[in-house]
Amino acid sequence: MSCGEDHDVDCGEILQRVYVFIDNELEDASTDEIRQHLEECAPCLDEYDIERCVKKLVHRSCGDEHAPDALRQKILLRLTQIRIETTSPGPE
Ligand SMILES: [Zn+2]
Ligand SMILES: [Zn+2]
């Protein structure tokens, strides 16, 4: 995935690292790279927000950061649907 802009770090690479970034397992240098990228790249920020929401919801529903994949997928799907619902224009 790419937004068409020229970034220091590739969007695909950022999105791969975002998962680790959320877990705060990256060293500071990489964290800054990601943070900076998210500031200038809306598509990646969107992805990051979804991941953060999933994390929060998963934590709330089972009290465990390491939710089963099925639950995670379900929440992710639900969030995507919500986003589509809120961004699509209503009936005139
Ligand atoms: Zn990006
Ligand atoms: Zn971008």
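Buried means under 20% relative accessible area, exposed means over 50%, and partly exposed covers the values in between. The exercises below apply to a predicted model.

**Exercise 1.** Classify Tyr-19 by its accessibility and find its contacts.

*Solution.* Tyr-19 lies in helix 1, residues 11-22. Its relative accessible area is 40%, so Tyr-19 is partly exposed. Leaving aside neighbours within four places in sequence, Tyr-19 is in contact with Glu-51 and Arg-72. As for Tyr-48, it stands 29 residues from Tyr-19 in sequence, while the two C-alpha atoms are 8.3 Å apart in space.

**Exercise 2.** Work out the geometry around the zinc ion (ligand 1) and trace its donors along the chain.

*Solution.* First list the donors: the zinc ion (ligand 1) is coordinated by Cys-11 (SG), His-37 (NE2), Cys-41 (SG) and Cys-44 (SG), at 2.1 to 2.4 Å. Along the chain these donors follow the spacing C-x25-H-x3-C-x2-C. Next consider the angles: the 4 donor atoms subtend 104 to 115 degrees, and the arrangement is therefore tetrahedral. For comparison, the ideal angle for four tetrahedral donors is 109.5 degrees. Cys-41 also bridges the zinc ion (ligand 1) and the zinc ion (ligand 2), which lie 3.3 Å apart. Both Cys-41 and Cys-44 are buried.

Note on methods. Residues numbered from 1 in each chain as written. Chains lettered and ligands numbered in written order. Predicted model: local features only at pLDDT ≥ 70, side-chain atom pairs only at ≥ 80, totals over all residues. Heavy atoms only, no water. Donors = N, O, S within 2.8 Å, 3.2 Å for Na, K, Ca; no water. Tetrahedral: all angles 85-135°; square planar, octahedral: opposite > 155°, others 65-115°. Buried < 20%, exposed > 50% of the residue type's maximum accessible area, 1.4 Å probe, protein only. Helix = DSSP H or I, 4+ residues; strand = E, 2+ residues; numbered from the N terminus. Contact = heavy atoms within 4.5 Å.
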